[in-house]
Amino acid sequence: MRTPATLQLIATRLGLSKTTVSVALRGKPGVSDAMRARIIAEADKLGYRPNPVAAELMSMVRSRRKRQTAETIAFINTFREDPTLLFRIRTFHDFFTGAQEQAAFYGYKLEEFRVGGSRMSSDRLDGVLKARGLRGVIVGPRWFDEPEITIDWNAYSCVLVGETTYGASIYRVCNHHAHTTELALTKLAALGYRRIGLQLVANYESVRHFDFLAGVEPAQRAVGDATRFIVQVQPRVSSPRNLLVPPEERQAQYLDYTNRHVIPKIAEWVQKERLDALVTLAGYDINTIRSIRTHRNQPLGFARLDVHPDEPCTGVVQHGRDIGRTAMDLLRSLLHAGERGVAPRPRVLLVEGEWFPGETAPPV
């Protein structure tokens, strides 16, 4: 019977200390890349498999030891023009908060790093991360047209939060967008709405390869021909002067812009398509959108694809904090396994949303 491979056996075969082998296999700094590759090759040759129970116990011990000097995890704020979006868009803030809470639970410290402007290009950010000796990176989501960041992925354990697709093949955690759309449409159909409009924004959707649209056909199959879903993918809606006002005033300006320029067009669409309900991701003012009358002279039913339970709006709760926590869980597993850089088959973890009845789509 073959003797199970151990750290000590690997160390003896290579003429190294057991500590050096352990550090290399856990992806910790202090071992050269060449030595690490040599140790990993020998471990594979011997069929070494770590004991998961022992690994978890040692992880807990190490976490407690380093509580006072927590290792820093980088959360990259990708909003180049307006970094305040990370905290003004509630779900994105939830991503950060959830990851921060889970990082603290494991004994890490999560820190925001901004990319953008003349002082912090992707290359400059990469240099800062390396100079700080950071090993773990969570890449925040994009909003509309922000370009993807490009850092030396092989230097870090990386997880993307909020998107299912990315140019670099890194691991990702995101809301199950297709399920969110299907859930919203089928729930509204069950409430008695028969002509439901789904309004999405092209710039936002193209970043996510139109994941939300993928839920329309399953919803249609589920409800049958008695209900119709009418889809509108509109160009980007924004106020060009939004960046010229203080961050605390931008939401008010956005609402003013949409109320004057966007809501009238929605009202025209509602009449033209004889809609009795609208589903969207946009943060329209609830009272304004509900003031739109349908062709039956009823208030328009309204649901968002991203709501919070403390709001009166009907829709799907995406549980952004859970998404952030899951991202940190995944990143921790990569750090412990010493897995860095891009992956040939990256894992994509989808977190399902939950229907919230709210007050803006009462039963028909």
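Tutor: Helices (H or I, at least four residues) and strands (E, at least two) are DSSP runs, numbered from the N terminus. This is a predicted model, in which local features need pLDDT of at least 70 and side-chain atom pairs count only at pLDDT 80 or more, whereas totals for chains, interfaces and linings use all residues. Residues are numbered from 1 along each chain as its sequence is written, and side-chain values use heavy atoms, with hydrogens and water left out.

Student: How many of the 14 residues of H8 are buried?

Tutor: Buried means under 20% relative accessible area, exposed over 50%, and partly exposed in between, with a 1.4 Å probe and protein chains only. Among the buried residues of H8 are His 177, Leu 183 and Leu 188. H8 is mostly covered, and its count of buried residues is ten.

Student: Which strands stand at the edges of the open sheet?

Tutor: The sheet has six strands in the order S7-S6-S8-S9-S10-S12, with mixed pairing, where two strands pair if DSSP finds at least two bridges between them. Each edge strand has a single partner strand, so one side of each is left without a neighbour in the sheet, and these strands are S7 (228–234) and S12 (354–356).

Student: What angle does the direction of H8 make with that of S12?

Tutor: H8 packs on the sheet, touching S6, S7, S8, S9, S10 and S12, with contact meaning heavy atoms within 4.5 Å. Axes are lines fitted to C-alpha atoms, for helices over the stretch in contact, and angles run from 0 to 180 degrees between N-to-C directions. With the direction of S12, that of H8 makes about 40°.

Student: Which residue in S12 is the bridge partner of Val 316?

Tutor: Strand S10 (residues 314–317) and S12 pair in the antiparallel sense over three bridges. In S12, the bridge partner of Val 316 is Trp 355.
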